[in-house]
Each structure stands twice: as C-alpha cells, then as structure tokens.
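Subject: Structure handover

Hello,

Here is the structure for you to look at. My notes on it follow below.

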Amino acid sequence: EPDSNLSITIVGASGDLAKKKIFPALFALFYEDCLPENFTVFGYARSKMTDEELRSMISKTLTCRIDKSENCGDKMDQFLTRCFYHSGQYNSEEHFLELDGKLEEKEAGRLSNRLFYLSIPPNIFVDVVRCASLKASSTTGWTRVIVEKPFGRDFESSGQLTRCLKQYLTEDQIFRIDHYLGKELVENLSVLRFSNLVFEPLWSRNYIRNVQLIFSEDFGTEGRGGYFDNYGIIRDIMQNHLLQILALFAMETPVSLDAEDIRNEKVKVLKSMRPLLLEDMVVGQYKGHSRGGKLYPGYTDDPTVPKNSVTPTFAAAALFINNARWDGVPFLMKAGKALHTKRAEIRVQFRHVPGNLYKRNFGTDLDKATNELVLRVQPDEAVYLKINNKVPGLGMRLDRSDLNLLYSARYPKEIPDAYERLLLDAIEGERRLFIRSDELDAAWTLFTPLLKELEDKKIAPELYPYGSRGPVGAHYLAAKHNVRWGDLS
Ligand code: BG6
C-alpha cells in the first residue's frame, strides 16, 4: 500500500553493530529512496537517552558513501528527524507496550508494518521476541524480526532457540541474517555460474578439482575476546559464512530464483555432506609477536580471555559432498584472525587438460597449468580467471595470466554494504538471502560432533604468530587431499 507506514525498531541501539552497520545502512536506503514515504526508526536499549542524544550518536557514524556533495548533509538531517529513541528493559512487556504507544502515535492511523532488528546478545533473544511480539506487533500489517547469529552454540541449543522463537513467531516472520550472503560477490556467484555457458557445464567433479573458501583478517579479537572465547572461529565464521557460500556454490540448479526453491537446494547439499571428523580439521590460535618494534598481543593476552583458553582463532577444514556432482571433490575452508592480510575469496581450481600438448612447457609441475577461477569477495572486489597464455615473442614460453574483472575499474559506482541489501530484502519480504530453520539445523549437524570432540578433549590449537600466514598444519591438511592453497602459491 503506497500510503502505508514502516516502523523499524533496532533493539540494542547503542551496540557496535547498530552504530557501525544498521543505522548507516538505513540511511543509505533512505538516500536511495528505497524506504517508503512514511517511515520511522526507533532505537531501543536500556540506557537513558533522549531522541536528540540518539541522533547525535548515530550521526557520527552515518557516512555519505553515495554522494559526497552538500546535498548529503540535508538528507542526513531529514533522516535524523525520523529517528527516535525509547529506553526500556529487554524483558519488560510493559516497556514494549510503551514503545507500541509511541509507534502508534507516529503511524497516525495508517496501515503499518513493523520490523524489529535484534542487535543484542543471544541470551536475551527470546525475552525480546516475547515482549515485542506480545506487546508491540503490528495490528494492521506485517511484523518481522531480523536476528543475528549466534543462533545457539550447537545443534541442541540452536534447535531450542528455534522452538522458543516459534512460540511467538512463524518461520515466515523470522529473518536470520548471515551478512556474507548480502555481499555483492557472493550474490554474483549464482549469476556467474548459471548464466555463463563457459562456466555452467564445468560446475562438477568432471572439471573442478577442488574449491577453496578463504577468510582472513589482519587483526585479532581485540575488545571482543569475551564473546569470542565462547564461540571460536569455527562457530564465528565457518559454520555460517563459509558454509553458506559453499551451499550456494555447490547446490543443484534450483527450480527458479524463488527463495523457497533456492533454500531447498541449499538444504539438500548440506544434507549430502558427512559431519566433520577431527581428522578433517586443523585448529590454531595466535600468539603474541613483535614486529617492527611493535608488540602484537596474543589471543590469551586479552584480559577477557582465560589464560589457558584453547579456543581456536584459526581453523582449516576439508569437506566432502556425497552426491553425483561432487563425489571426491575436496571443499577446503580456511578462516583466521590475526593473519598477515584481510581477505575473503572463493577459489575454484580446475582439473588438468587431459594430454596437454604443452605439457613440457610447464616442467614437472603441471599444477602450475591448472585454470583457477577466483571471486575476490573483499577487499577490491574482483572476478579473475587464471589461464595459460603464450608470452609474446619468437620462442614458445607459456605464462599463467589473469583475465581480470576488477570492479573498481569496471563499475565506478560504490558497492552497497551487505546490510543495505539485506535490510531492503527484509522490508520487501524477500527471503532468498536469509537462513531457513532447516538450513540452520543441517549446518549444525555438520559441525556439532566435531566441536564437541574438540572441546571434550581440549585439543590444543597450533600456535601461530600474530600477523603470520597461520599454522603449518593447514598445508598438511590440504596436501593430504592433493591440494595447494591458491592464496599462497
Ligand atoms: C562477523 C564475525 O560475523 O563477521 C566477526 O562475528 C568478523 O568476527 C566479521 O570480523 C567479518 O565481517 P566482514 O563483513 O567485516 O568481513
């Protein structure tokens, strides 16, 4: 309805995620005219704050990524006048009822839809959902709730959380966010595969030798040690961000681009994989290291982390999909904090050309001649393909070069932040990029036994220096499956 109202409430408004990502993403959507004419944004948190104080807090992190002109300042002011604050406890139905009153006032009798974004610690998810759904649901339009991970710590606790949420909400109202699915290059993965004849037929064990999903950050858990120590890198990155990319990469062709069709295929792939074993995994933890006169602290130097913590800050894993398309193809994942670089990428290594006529030009190392397709998710978004090419000249020398599609050169417009796309999708009711509960169950099924074993046996992580390339064990794991990490070769 053109005249309808949209109220967005950010619960946990003073938190880091709200400040750094959610408010700025909403502003960007406003700037691009993607929000309805009548909208309001409410911040909800425990601390006392006036509307003005909220506005001044968020104005510090709003940036004009789209337009650096003066006009942007005006837009920002317009946006800020639509932002309000309500202070309340997270488990108080009464306080949510007060919020409801304020929302109604702004909605002024129009049909109104309400979106709640839970940017809060997991132990209060259920309280907030109970209070919000009982006391502040829309009575005239839809009510939707966006939740952020962690969705539990294992299969059991995640299932329990889902059951609790479903006492108050239907699955259709729950939008489980995995912000990696909102990244431009991750969306592009399906476009590349399904709309290019040069890729689509190659997408199987017949032509693909291995697939690598790599995430690295060049900083540690500074300031987040308390949260992180409860979860570790496997739960923080692998079980969600990397596994989601894997499912998208490997799924069978969906019936259509509809959310249910895509998610059905993703669940099928996840169910075709066997749960990980200890031998499929290498874990590491960074230790302090001094470089260039500066001392970089180790993970357990963080005062919020127990000195004897064995929580992994690095992990590498080999996964296999037991179906006709992928039988025997290793899917390698690697995720780490405090490594030498910040990067996320998807690498596809193809098989050797059978009977390669130019074999001798590659010496003994035919691996140097395999084609490799790389989607660099960040930074410097790019898609490039490593091909063999003749070096110009009278001789016959071959060279592996790149066909390189660098986004900054090809597409001058700035790439939207993942949160912009995901918020817009939630507002429009597009569920394609959100995680369905059966997907979540399947993802936990794969990782839970391994996590339990690591924790029961207190498996000691291999230490690696802050700023290094991570533990050497990751190479042995790859080598065991006849793979070389593409980012290191
Ligand atoms: C989050 C993790 O989900 O993703 C963080 O909890 C991590 O530990 C972050 O730093 C990385 O996201 P991005 O978009 O900065 O690559």
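Helices (H or I, at least four residues) and strands (E, at least two) are DSSP runs, numbered from the N terminus. This is a predicted model, in which local features need pLDDT of at least 70 and side-chain atom pairs count only at pLDDT 80 or more, while totals for chains, interfaces and linings use all residues. Residues are numbered from 1 along each chain as its sequence is written, and side-chain values use heavy atoms, with hydrogens and water left out.

The ligand

The shell around the ligand holds Lys149, His179, Tyr180, Lys183, Glu217, Arg224, Asp236, His241, Lys337, Lys342 and Gln378. By class, seven of the shell residues are charged, three are polar and one is nonpolar. Here Ala, Val, Leu, Ile, Met, Phe, Trp, Tyr, Cys and Pro count as nonpolar, Asp, Glu, Lys and Arg as charged, and the others, Gly among them, as polar.

The side chain of His241 has an N or O atom 2.7 Å from a ligand oxygen. For Lys337, the side-chain N or O atom is 2.7 Å from an oxygen of the ligand. Gln378 also places a side-chain N or O atom 2.7 Å from a ligand oxygen. Taken alone, the ligand exposes 400 Å², and the protein buries 81% of that. Those areas come from the Shrake-Rupley method with a 1.4 Å probe.

Two strands pair if DSSP finds at least two bridges between them. Axes are lines fitted to C-alpha atoms, for helices over the stretch in contact, and angles run from 0 to 180 degrees between N-to-C directions.

Strand 7 (208-216) and strand 12 (331-336) run parallel, with six bridges. Leu213 faces Met333 of strand 12. Contact here means heavy atoms within 4.5 Å.

A second open sheet has six strands in the order 3-2-1-4-5-6, with parallel pairing. The twist averages 20 degrees from one strand to the next. Strand 2 (38-45) is joined to strand 3 by five bridges. Val41 is opposite Cys83 in strand 3.

Helix 4 (93-107) packs on this sheet, touching strands 1, 2, 3 and 4, and its direction makes about 160 degrees with that of strand 2. Helix 5 (125-135) also packs on the sheet, touching strands 1, 4 and 5, at about 165 degrees to strand 4.

Backbone points to check

Lys149, from the ligand shell, is joined to Pro150 by a cis peptide bond with omega of about 5 degrees. Pro150 sits in the loop between strand 5 and helix 6 (155-168). Gln378 to Pro379 is also cis, with omega near -15 degrees. Pro379 is in the loop between strand 14 (372-378) and strand 15 (382-390). Ala338 has a positive phi, near 55 degrees, and is not a glycine. Its loop runs between strand 12 and strand 13 (343-350).

Best wishes

Technical notes: A residue is near a molecule or strand if one of its heavy atoms lies within 4 Å of it. A polar contact is a pair of N or O atoms within 3.5 Å; within protein, one must be able to donate a hydrogen and the other to accept it, and residues adjacent in sequence count only if both atoms are side-chain atoms.
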